Amino acid sequence: MVFISSKMKMIKKKEHPGEDVVPPASHRKVSQDRKKKYSVVAGISVFTLVVMWYFNLWAMTVIMQNSAVQEGSNNLYSNFRFQIMEKAQTLDGSGQQSPMLVQETEPSGRRLTQPTNDQSAIASAAQKRSPYTYVWVIGGIREDRYGYKGFLWDVLISANLLRKLGSTADFCIFVRLSPSSNLDDLPWEDRRLLEALGIQIILLEKPQVESFSQLVFDKFLTINMTDYKRVMFLDADVVPLTNLDYIFHLSDPDYTQVPTLLKPNMITASLGEPCNTGIFMVEPSKEGFEQYEKAFRQQRERAKTLPYPYFDKDEGWGHNFHEHGDSWQAVNKKSSKWIFHASHSDQGLMYYWAKYLRQNVTIFISDLVQNWKSGDNGQPIMESEGRGILAPYQGKVLFQQWSCDDPQRADESERRNSWRCVPFFEGFAHFVGKRKPWKSLWRPKHYTTSSYRRQSVKYLWFDELKELNEKYKMGLDMKHWDRKYPSLLRQESVGKIAKYSDQGKIFGISEAIESDAEEDGEEEGVEEGEGDMIFTASDSSLTKNEASPVVVAYAVSFIKCGDHQNNAAGLIDATLVLRHSVHKISCRNPSSGSKYDYKMYAIVHRQAQECTSIVEETGFEVVVVDPPLEEQDIQGEFLRSHIHKERCCGNDEFIKLHAYKLPEEIIVHVDIDFAFYKPMDHLFDAILHDKDSPEGKAARNAIELERPGEALPDQIGAFITRDWPQVVPGKWPAGYQAGFLVARRDPSIAEEMVQIIKQGNYTEGWGYGHGWGDMGYGGWIGSMAMQGLVAYYYDHIRPNNAVELNQCNYNHMGMDVRHKGKCRNGQADCQDCRETDMADIYSMHYTMCRKPWLCQGTGAKGGKKPDGGGRGSALNTDVVNVEHCLLMAQKWHSLRSDLESSLYDLTMDETIKSGSTGTYRRDIFQGHCQGDGADHYLAIAAAGVGNGQSSSSYARIQDLYRSPLFQNIESAQTEIE
């Protein structure tokens with residue numbers, strides 16, 4: 001009968017969500033009487049029990065459906081179904097009744113189900129079972145935003161791991177809904193999961209200002225949890241790797257199984273900060289919380305008298321290091337100024353509170369343990385200092401990080417993090433910045449226990465999520481994780497750093513300064529956001545007003561794994577060289593002069609997944625897609641029955657349309673046999689800037705057109721080149737050259753093109769009256785797929801949008817553009833692309849001049865060697881100039897050599913040199929070919945494909961592509977950890 005009583009509690013809770021699962025004391029007698037009543041009824045007849053069971057199932061279904069409405073129709077847990085909700089509530093996933101539901105005794109304290117900021121209520125809100133508790137904070141919760149879900153899952157995973165590792169402490173979480181949310185409570189599914197893991201929920205009132213700066217001050221509510229002796233706070237992107245309870249024990253004199261070696265408050269220093277609030281421990285007390293509140297109020301009043309950024313780097317939160325003759329200490333730095341990451345925010349305040357107000361704190365600085373106490377002059381003094389103190393008491397960690405188990409293998413980033421290779425820091429992983437597991441792709445087949453950086457912990461995170469998903473019926477489609485979740489979870493809910501401008505809002509400073517300015521008659525007030533920092537590194541390498549460069553999406557599509565021109569080695573090396581060429585023309589390479597950054601994407605057909613793992617490892621974000629339509633969706637009979645015959649890829653080529661949906665404002669889509677040699681800032685500027693602006697005018701003047709002097713659209717949507725070599729002058733319009741596109745992001749274009757394909761208005765034949773819309777876009781190679789569709793679309797469906805670029809300078813293929821002496825583009829005179837100066841070429845497309853990895857150094861009529869060579873065995877002298885093609889190949893191989901040289905300088909790996917030992921035409925192929933033909937190509941030795949190459953060097957290729965700005969952010973993020 002315990003089961004029936006617990007079911008009745010569940011129904012009562014859903015009818016009255018403000019009540020506790022366990023009734024308050026005033027109702028306890030009534031509740032007990034009801035239990036007896038239902039026990040008697042059930043005992044009378046098995047029939048009654050069955051009736052009650054079905055009634056409960058019906059009631060739970062209705063209630064859960066009503067409750068789920070508040071989460072909106074686009075629930076992230078898309079596979080979750082109402083018919084299993086009753087079981088999920090009743091069972092803990094193992095088939096056993098959940099102890100959270102059958103609990104017969106009322107714990108001390110109460111759970112807060114109504115939002116509150118009442119500190120006395122918060123202080124006693126937790127249902128205490130242990131003298132210790134772990135605490136997390138999550139904010140920005142809104143029904144139509146999923147960015148917070150990853151943090152929530154991290155909390156679930158951390159709690160689950162701690163239990164597995166033997167923790168007996170309680171778990172609590174402070175949650176805040178977004179001020180723009182229509183919810184009154186945590187979404188039901190989130191509450192269900194937290195309670196299933198035994199995590200007690202304390203719901204705070206919605207904030208007036210939603211920002212990261214606001215959220216971090218909620219961490220200080222831990223000081224007011226006075227029912228506990230110790231509270232350890234964990235950021236919701238921390239993953240414990242050992243049972244951290246030992247820190248509680250070592251600080252508690254009442255715990256007699258170990259000596260008391262630590263103070264009741266504990267903070268951790270990082271590389272460049274004396275306090276990192278990603279993890280800390282406090283001794284809650286009324287006095288301590290009052291000290292915190294007083295310090296905050298005083299700082300608010302002091303800030304109102306200061307100019308932006310409202311923070312005095314000498315006085316800080318109330319302690320002047322110079323005047324007292326002391327300083328703060330981090331792993332690699334000491335300073336007597338309040339200049340470190342978040343010194344003006346939670347990290348500075350926690351350091352001040354723990355060391356200068358409480359004066360009873362342990363500070364971990366790598367393996368150095370400092371204990372501080374009050375001195376006679378009212379200032380803290382060091383009581384003790386030692387190294388290696390924690391080692392005998394910390395349990396074994398689940399995984400090593402940062403190559404701590406093999407320092408000789410560590411790369412530069414890992415060596416910079418070697419200070420973590422000690423207790424207490426090796427006992428957890430902190431995924432700062434963008435490196436959250438839930439924002440990344442999941443590759444189960446690449447599972448590793450390697451200690452390289454945090455790779456093994458990332459796989460641990462996914463393993464734990466998969467386990468929780470199955471156990472608690474979360475409904476996550478883990479099989480299709482990459483396709484469904486990362487893009488949703490990358491949406492930021494409250495930001496990532498504490499900005500000075502947000503601090504002004506929290507302190508109520510902006511209004512005060514603006515009103516003072518009005519009273520003084522000043523013309524200028526403090527602008528909101530003025531001087532915001534991208535990232536506040538402790539070395540101040542990133543300063544105010546430093547703007548992030550615009551990021552351009554560079555994408556390639558992988559439709560199948562290879563053909564007669566693309567072997568595995570060629571695809572891998574083409575990917576690496578293409579990435580390297582993009583880097584060389586971007587702002588990450590200062591010598592390029594470009595102001596644009598980049599992000600690499602690989603749009604991968606599901607059938608090509610098996611051969612694209614290398615792409616993700618080299619820094620591409622992989623987007624796995626299906627074609628936007630199936631052949632049977634095409635209404636036109638001819639197109640439906642013939643598109644599969646289209647050269648290369650048929651219907652599958654339409655996955656390229658996904659490029660229009662990538663998140664960046666500008667997208668560049670190219671084929672894999674492509675390389676860039678000059679920045680294209682003028683094209684990007686022409687898309688982004690108004691035509692009448694100075695930037696817009698300058699950009700338009702720099703564009704090199706196929707037909708010079710041609711009028712440009714008022715708003716440019718795309719830049720293309722056309723496939724003129726297939727055209728007979730005046731016979732039919734030229735197709736789009738599908739290996740190159742620069743465009744403004746516009747998902748509607750992709751959707752419109754898909755609808756055109758579905759209509760299938762394509763007529764068989766050559767010339768006008770045939771092809772797409774009977775407008776002549778048909779008959780030539782690619783006409784049924786992208787080459788014909790895109791040209792037809794920009795010429796007739798959305799005209800005055802795309803600009804045709806000079807085919808010799810952009811998307812250069814080195815081919816003849818004349819037919820019987822006449823220009824194929826209809827002009828009286830035209831440039832011969834077989835004679836274009838290499839210095840004038842922005843990008844090259846290796847088509848008729850053959851792929852560089854085919855090692856073709858000879859030419860012949862028809863492209864066939866005279867000694868019996870087959871199709872494509874030589875450069876086709878009917879359409880190309882051999883010497884020009886070899887110069888194009890030389891450019892590509894020089895890029896590859898530059899990549900290899902840079903990688904060797906980084907790794908000093910001698911195996912890299914083995915890829916450049918070829919002797920055939922070294923002036924052209926740079927040592928990458930042993931003879932003429934694809935069989936003689938030597939792959940990049942660090943690419944991890946055959947020849948005994950070094951996979952560790954290959955894994956470091958991404959380290960080559962850190963911009964100065966990116967490196968500073970990396971360093972700052974490293975210090976923040």
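**Disulfide tour**

Start at C808, which is buried, with a relative accessible area of 2%. This is a predicted model. A disulfide joins C808 to C833, with an S to S distance of 1.8 Å. The angle about the S-S bond is -80°, and the link of C808 and C833 is left-handed.

Next, select C823 and C830. A disulfide joins C823 to C830, at 2.0 Å from S to S. The torsion about the S-S bond of this pair is about -95°, so the disulfide is left-handed. Both C823 and C830 are buried.

Then go to C404 and C421. A disulfide joins these residues, with S to S 1.9 Å. C404 sits in the loop between β13 (380–387) and α14 (412–416), and C421 in the loop between α14 and β14 (428–430), so the pair ties together parts that are 17 residues apart in sequence. The torsion about the S-S bond of C404 and C421 is about -70°, so this disulfide is left-handed. C404 counts as buried at 18% relative accessibility, because the cut-off for buried is under 20%. C421, at 25%, counts as partly exposed.

Last, select C275, which counts as buried at 0% relative accessibility. For the overall count, a search of the whole structure finds five disulfides.

How values were computed
Residues are numbered from 1 along each chain as its sequence is written. This is a predicted model: local features need pLDDT of at least 70, side-chain atom pairs count only at pLDDT 80 or more; totals for chains, interfaces and linings use all residues. Side-chain values use heavy atoms; hydrogens and water are left out. A disulfide is a pair of cysteine sulfur atoms within 2.5 Å. Helices (H or I, at least four residues) and strands (E, at least two) are DSSP runs, numbered from the N terminus. Buried means under 20% relative accessible area, exposed over 50%, partly exposed in between (1.4 Å probe, protein chains only).
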